[in-house]
Amino acid sequence: MATVVFSRGLQQYTAGTERLEVEPGTVRDVIAQVLARFPALENRLDSGTAVSIDGEIINEPLLERVGPTSELHFLPSISGG
Amino acid sequence: MSEERKFRWIGTRPIRHDGLDKVTGRANFGADFSLPGMLHGRVLRSPHAHARIVSIDTRPALALEGVKAVLVGADLPDIPSQIGSGGEQQVDFRDLSHNVLARDKVLYDGHALAAVAATSPRIAAEALERIVVEYQVLPHVLTVDEAMAPGAPILHEDMFTKGIEPTPSEPSNVAGRVELGHGDPEQGFADADVILEREFTTQTVHQGYIEPHAVVARAGEDGQCMVWCCTQGAFMVRAYCAKLLGLDVSQIKVIPSEIGGGFGGKTTVYLEPLALLLSRKSGRPVKMVMDRGEVFRASGPTSGARVRVKLGAKRDGTFTGADVSLYYDAGAFKGSPVMAGGMTILAPYKIPHVKIECFDVVVNKPKVAAYRAPGAPISAFGGESLIDELADELGMDPIELRMKNAVSEGTKAVYGPKFRRIGFEETLEALRSHPHYSAPLGPNQGRGVAAGFWFNGGMQSSASVNVNEDGTAVVISGCPDIGGSRASLALMAAEELQIPVERIRPVVGDTETVGYNDLTGGSRVTFATGMAVIQAAQDVVAQLRKRAAKIWEVELDGVRWEDGRAICTNGNGETPEPLTIRDLARRAARTGGPIAGTASLTARGIGPSFGAHICDVEVDRETGRVSVVRYTAVQDAGKAIHPSYVEGQMQGGAAQGIGWALNEAYLYDENGRLENPGFLDYRIPVASDLPMIDTVIVEVANPMHPYGVRGVGETPIVPPLAAVANAVRHATGVRFCDLPLSPPRVLEGIEAAR
């Protein structure tokens, strides 16, 4: 199973849950599983959100693959100068 | 990438292809462009920090002979609040439109509220004076503390703080709150032997690019528009103008000029949509150029901020917990770089329990724009200053303390994920072993060290490599060259084609000559666009091998590309002479036509980079003046494609950070008017202010890039603020927590400590 890790900020919408095991698939699949479990996250994982999959930050992640042992974090999408 | 790969061209230092034009003054920058029949546009700007626009009467301006068009906010389409990404940054197009031209309220001194186009700059200036504006002046706020105070004047009545549950019912100047981190900070502090906590402040500072914003725009009768401008992203200008004016992107062609500095400040639009609209109204091309005062008053600086850091550690130096609050001003519209500040503060360190609160606050100052590692230098000033103080408290060497807690591959970052292969430990080791670190100090001198982190960027890039008929090649990218990227891209093409870099001409294309490119920013061009160039050049090599195979009538796998030549390894009978790229280019017509390669990609595998700096200062105890007498910057570049430009980025970042630490600040009067909108009163460091900045390039290859590249442009501005402040601390015995360390402030601190 893949693991989603929620930051302290997102944990206010997951009733304090820090880690959630999910079926592997695309990031879109993973988000669907996350929202099914924590509906309060609806609209919180939108276009301003990037993800990190196994340490790599990806800004347009929906179609990226999340492997069976991957760790996924939702992060603020950041810009550069 | 292959660890064993031996490079022939990568890592060399050829003269940049655009160098001669630049040193002889022939290069064309934004304001150099002109068209026949061109009008001159000027912008009317608010003299008030916060005011309601009761009325604007432009008729007297239009009545002036020579005035051909006048714009006010109502001439721009209304756009709903919509977050989009025209380039690298998130932007709310409604806010962008209201920043380009105010509607019902002006929100800062310098806010644009009308524009004119006339037959001469003098007439345009006179026309501005004839526009009659009635203002209702409102109270204003200039700092995060003023903006968050109870009863503070509200900038946007429709702004309710996001990130707080439930959403507040009253509007606020706090646009959003985000919390990062992991573990239980209270447990972290319970585990600590030593706990330190301090607050720090930094001031609004400008990137200080030498070239002001400039544009020429022409809107044709057929609806097709041309824009010539200095920008970090031609495709960004196209997308933003299209959005703001209700056009298709295909109706706008943007041609970027050479750029005289950007540092993030040219990643948005100010004049471009106005020039286009004035051109559409007047039927003539319109040129607009900001003067220096407008650049300071109305383009985007970076945030002023308040930073609170609490850090706990064991007696042996092991960090146990951290609690951070960051309050960054965004200027007049939401969107400060506070989240990046939160993600980068303490990112170089292993900390089991961390809480980081980030607040994005609007104030009556110009909307901030990106500035080199946006947000990171501000928070690092707090974090790295406190770590220095902790080292003193523990009696530890400050590099040793950092080394003890340094992140490495597999370590969980404070912002969540685990790092892949990174080079922070190697960077600290190089810093510690540098002769500078053990050199003796003179009287009234002190030494400080600090570290910094930046993510670096990937994003979208396209590139083409065209082989000319004589076997030379052209590399076309779509990323304006700010820091020598053309030379680096040419080196990568040379490496793949195996021909001398002098036989390659790198050019920056416009929005119609190359595929889409995100803007130049985020330290991404050498990494991401370089990856596109490598792939495009590999495409060319594949075609060259095919052409040779066709000529020799052999299978493709019997042709090897080596030393700029096709070599037949599987000839039928006698081995033919190798065919050079020149031979193959000459025969292109009979082997399949022109040879050109292209590649477009969303770059994956970004490699973060770490830097660490040593700063020596000398403090004049009579005047409070701080002089930087020696400075060394060390950074992991992954792989330095053109080492001179990596070193240049490190030196430039250090110089800007030193200015931020010692001198720079936006100074406002009691009415919220900027008092120092010029380089005489806003003091950036000049060459005579600084010593030669020594550099050490560490190369811990990014395994996700074919050559091992990480980004380099932003990290070097992260450590200097704290490195300077730590040096001043050791020279004076006084911990300064508020920037800039100007002579009056330093003198006051010294005298208070006596």
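Colleague: Which residue in S7(A) is the bridge partner of A:Ser52?

Modeller: This is a predicted model, in which local features need pLDDT of at least 70, side-chain atom pairs count only at pLDDT 80 or more, and totals for chains, interfaces and linings use all residues. Residues are numbered from 1 along each chain as its sequence is written, while chains are lettered from A and ligands numbered from 1 in the order in which they are written. Strands (E, at least two residues) and helices (H or I, at least four) are DSSP runs, numbered from the N terminus. In S7(A), A:Ser52 is bridged to A:His73.

Colleague: How do strand S4 and S7(A) run, parallel or antiparallel?

Modeller: Two strands pair if DSSP finds at least two bridges between them. Strand S4 (residues 49–53) of chain A is joined to S7(A) by five bridges, and the two run antiparallel.

Colleague: Which residue in S7(A) is the bridge partner of A:Val5?

Modeller: Strand S1 (residues 2–5) of chain A runs parallel to S7(A), with three bridges between them. The partner of A:Val5 in S7(A) is A:His73.

Colleague: How many residues of strand S7 of chain A are buried?

Modeller: A residue is buried if 20 or more other C-beta atoms, placed from the backbone, lie within 10 Å of its own. Strand S7 (residues 71–76) of chain A is mostly covered, and of its six residues the number buried is five.

Colleague: How many residues does the contact take from chain B?

Modeller: Two residues are in contact if their C-beta atoms, placed from the backbone, lie within 7 Å. Chain A gives 20 residues to the contact, and chain B gives 37.

Methods:
A residue is buried if 20 or more other C-beta atoms lie within 10 Å of its own, exposed if 12 or fewer, and partly exposed in between; C-beta atoms are placed from the backbone.
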